[in-house]
Each structure stands twice: as structure tokens, then as C-alpha cells.
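Q: Hi! Could you walk me through this model?
A: Happy to, let's have a look.

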Amino acid sequence: MRVLFTPFPARTHVNTQVPIAWALRSAGHQVCVATQPDVIEDVTAAGLAAVPIGDPLNVAAMMNGADDGDGEEADWLDVLDIGEIRPERLTYEYVHGVLTAWTSIVYQSTVRREVIAELVEFARDWRPDLVIWDTMYYAGSVAAMAAGSAHARLLFGLDLVGWMRQRYHVLLRDRPPGRHDDPLAEWLGPILEECGRGFAEEVVVGQWTVDPMPPSIRLPVDHLYVPVRYVPYNGVAAVPGWLRRPPERPRVCLTLGTSFRELVGGDTASVGELLGAMADLDVEVVATLNDGQITGLAKLPENVRIVDYVPLDLLLPTCSAIVHHGGSGTVATALAHGVPQVMVPARMWCNLPKARLVERAGAGLCREAGEPSVAELRDMLLRVLREPSFAAGAARLRREMLGAPTPGDIVPVLERLAATP
């Protein structure tokens with residue numbers, strides 16, 4: 001069959017889709033990846049056929065230039081917290097406000113109508129049997145419906161959209177019939193009508209969803225999920241010489257992710273405080289930081305090795321712990337290797353609620369970015385390194401991940417679902 005992947009145009013989102021794309025390709029299916037030019041080189045570097053769609057999105061400039069209308073930068077990552085998962089906080093007013101804000105400010109800015117139109121044209125011409133689309137990229141679901149293709153979302157973290165939509169539909173039951181407005185339907189409905197289709201909930205959540213998260217940290221959403229083992233893919237990689245030698249003392253990875261430094265425009269946790277918390281510990285710290293992230297630091301601790309980039313999939317098997325920002329790829333890779341975690345997440349997508357769920361599962365400790373002092377960060381890391389329960393919790397989640405079907409294992413499932421009317 002023909003399978004079309006449509007990742008959001010950011011490198012980490014492409015990386016999430018590569019293992020499943022290659023599983024289908026290795027099984028003999030035709031695979032291509034359609035997205036905006038920002039990440040075409042990342043697609044082709046993975047050995048996959050790329051179809052450039054539309055103009056570059058340039059997410060970094062968009063996010064760094066976010067404006068609240070008064071000329072001041074808007075901190076929408078805090079204001080529009082789609083990552084609120086506590087049921088008692090999810091009132092109608094809150095959920096409707098989040099869906100409205102994310103639709104008007106985020107989705108309509110990043111999923112442009114001209115891009116949707118071009119992707120629809122390509123899908124109708126290529127006629128994929130299956131479209132696998134990024135949960136942040138509704139161009140994929142619209143194109144699938146327009147072309148009459150089976151389609152599924154691929155998650156990269158918690159299913160916040162499924163959780164919010166499920167809650168919203170429950171809340172609507174108590175609303176008067178004339179007050180069932182739906183921000184996503186108001187946006188996507190007219191676009192689908194232009195394609196000869198009507199709005200349906202599948203354009204928001206897919207006909208089914210491929211989920212790489214272990215069961216212990218999934219949200220309870222009533223939806224058809226295809227569980228899959230998370231297989232880390234970090235792009236082109238080479239093993240440096242120092243990494244081939246076993247560490248002489250416990251190794252700790254410090255990373256603040258590529259998305260924050262490449263897309264968001266900066267780190268939300270203090271690099272100086274994080275390094276200071278580890279300066280006097282008998283550990284080897286490998287910090288994946290670039291020059292911009294360490295500029296201004298008076299002195300680097302002697303136990304710190306700075307590397308601009310090293311794939312976490314290669315580094316983490318040698319580590320006793322990881323300190324990080326809560327990014328989806330970082331969390332999942334640490335879980336895949338059973339490494340206990342110290343997390344200082346910002347309110348970006350599911351970083352904070354996901355980190356809290358990992359902490360609840362006993363695989364690490366979490367404090368929101370900006371909250372912990374140097375002394376508290378130091379104590380958190382010492383606990384994770386010294387208390388066996390954290391290593392045991394991380395090992396338990398790793399076993400959960402290893403118990404999920406591999407990307408190759410789910411190919412027959414995808415074939416069957418795509419063929420089901």
C-alpha cells in the first residue's frame with residue numbers, strides 16, 4: 001500500500017515518525033513524507049522520500065516573535081496551558097478557552113490554508129491508502145479525508161488533544177443545544193467543505209492513534225489506540241571516542257533539548273544553576289549544550305564535559321541519571337534505556353504533566369522550571385542516584401516499553417485497519 005507521513009515541520013517531530021516509516025518501507029510498502037521545506041533535509045537524511053509542501057514555516061521566528069498585541073512578547077506557553085490534565089480544573093470555561101486559544105493562535109498560524117490546499121492536491125494525486133499524521137499538523141488529516149484515505153495520528157507525547165476533546169464533549173452535554181460551539185469545527189469545517197467533505201471528529205483525533213507512550217503514563221482517553229514501542233531515532237549519528245570508554249564514576253547527562261534552543265529561543269531552566277548543583281558531586285557530567293547556552297558562565301565545573309550534540313540513544317546507556325527539561329523525545333529515550341530522571345520542565349505542550357506522571361511512576365523527580373534552588377536540584381539528583389527505588393521504577397517503565405509491539409510488529413495492524421471500511 002501507499003503510506004503518506006505528514007510531520008509537523010520541526011526536526012524532533014520528523015524523528016518521531018522515522019522508525020514507523022522505515023518499518024512500513026522495509027515491509028515493502030511505498031512511503032513518502034510530505035511536509036514544509038524546513039525539515040526536508042532531515043527527511044532525506046533518514047533515507048526517506050520527501051515531498052516539499054508550501055513555504056517554510058520557520059517556527060523559531062514565529063515563536064520568538066509572538067506578540068500579545070501591545071508590542072510585548074506573549075508568554076503563551078504559560079497562558080495557554082493545554083497541558084492541564086487535572087479533571088477538577090477542566091471546567092467548560094477553561095476547556096473552551098484553551099481550545100479557542102490554541103485553534104486561533106497556534107493551529108491556524110502553523111497549519112496554513114495554502115499548505116493544506118497543496119497537501120490535499122498531492123494526496124488526491126498520489127492517492128495514499130494510509131496517511132499517518134502528526135497530532136500537531138491537521139493538514140494531514142484534512143488531506144486524508146479529502147483523498148478518501150484511511151488515517152491515523154502519531155503521538156509524540158501525551159494525548160492532550162484526545163484528553164481535552166473527550167472532556168469537552170462530556171461538558172457539552174450540560175450546555176443548551178444552541179450553545180455547542182466548537183472552535184476546531186469552526187476552523188476546519190469550512191476547509192473540509194471546500195474539499196467536498198463535512199467536519200467529523202476524526203479530523204481532530206484520527207480514525208485511530210499510534211501511541212508510543214508506556215501504559216503507566218498514558219491518559220485515560222476512550223479512543224482506538226495502536227500501542228507501539230518507542231524506538232529512539234536522533235538523526236545522523238557518530239560515536240565519539242570518549243563515549244566508547246566506560247565512565248570511571250557515575251555519569252549524568254544534562255540536556256535541555258534541541259527544541260528549546262532551536263525553536264523556542266532559549267532555555268527555561270538556568271544552565272548555571274543546573275551545573276552548579278552538580279559541581280561538587282563525585283559524578284561525570286556530560287552536558288549537551290552549545291556555545292550560546294554556556295556564554296556568560298564564569299567557570300565550568302571540573303567534572304563537566306560540554307558537547308554540542310551527542311545522540312541520547314548512544315549516550316544514555318552509559319548514564320546513571322539524566323537531568324533535563326521534560327521534552328517528549330528525551331523522556332521517552334530515558335524510559336527506553338531505564339535511566340532515572342530529574343526533570344525541570346516548562347509549560348510547553350505535555351512536558352510538565354508528563355514529568356509529573358514519570359515521577360508518580362517512581363522513575364524520577366520533577367520540579368517545574370524556575371522553582372527549585374541549586375540546593376534542591378542537588379538533593380534531587382543525589383536521591384535519584386542513591387535511592388534504589390528510582391532505578392527500579394525506571395527499569396519497570398522500560399519493561400513496559402519493551403513489552404509493546406515494535407514498529408515492525410504493528411505493520412500488519414496498520415494494514416488491517418487501513419483496509420477496514
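Q: How much space lies in the second largest pocket?
A: About 240 Å³, counted as the space filled by probe spheres set on grid points joined across faces, edges and corners. A pocket here is an open set of points on a 1 Å grid over the protein atoms alone, where a 1.4 Å probe fits, with protein on both sides within 12 Å along at least five of seven lines. The model is predicted, so local features need pLDDT of at least 70 and side-chain atom pairs 80 or more, while totals for chains, interfaces and linings use all residues. Residues are numbered from 1 along each chain as its sequence is written, and side-chain values use heavy atoms, without hydrogens and water.

Q: Which residues lie nearest its centre?
A: Ile-85, Arg-86, Pro-353, Leu-357 and Arg-360, out of 17 lining residues (an atom within 4 Å of a point). Helix α16, residues 351-360, gives the largest share of that lining, with five residues (helices are DSSP runs of H or I, at least four residues, numbered from the N terminus).

Q: New topic: at what angle do α5 and α8 pack?
A: About 130°, with axes 10 Å apart (lines fitted to C-alpha atoms over the stretch in contact, angles 0 to 180 degrees between N-to-C directions).

How values were computed. Helices (H or I, at least four residues) and strands (E, at least two) are DSSP runs, numbered from the N terminus.
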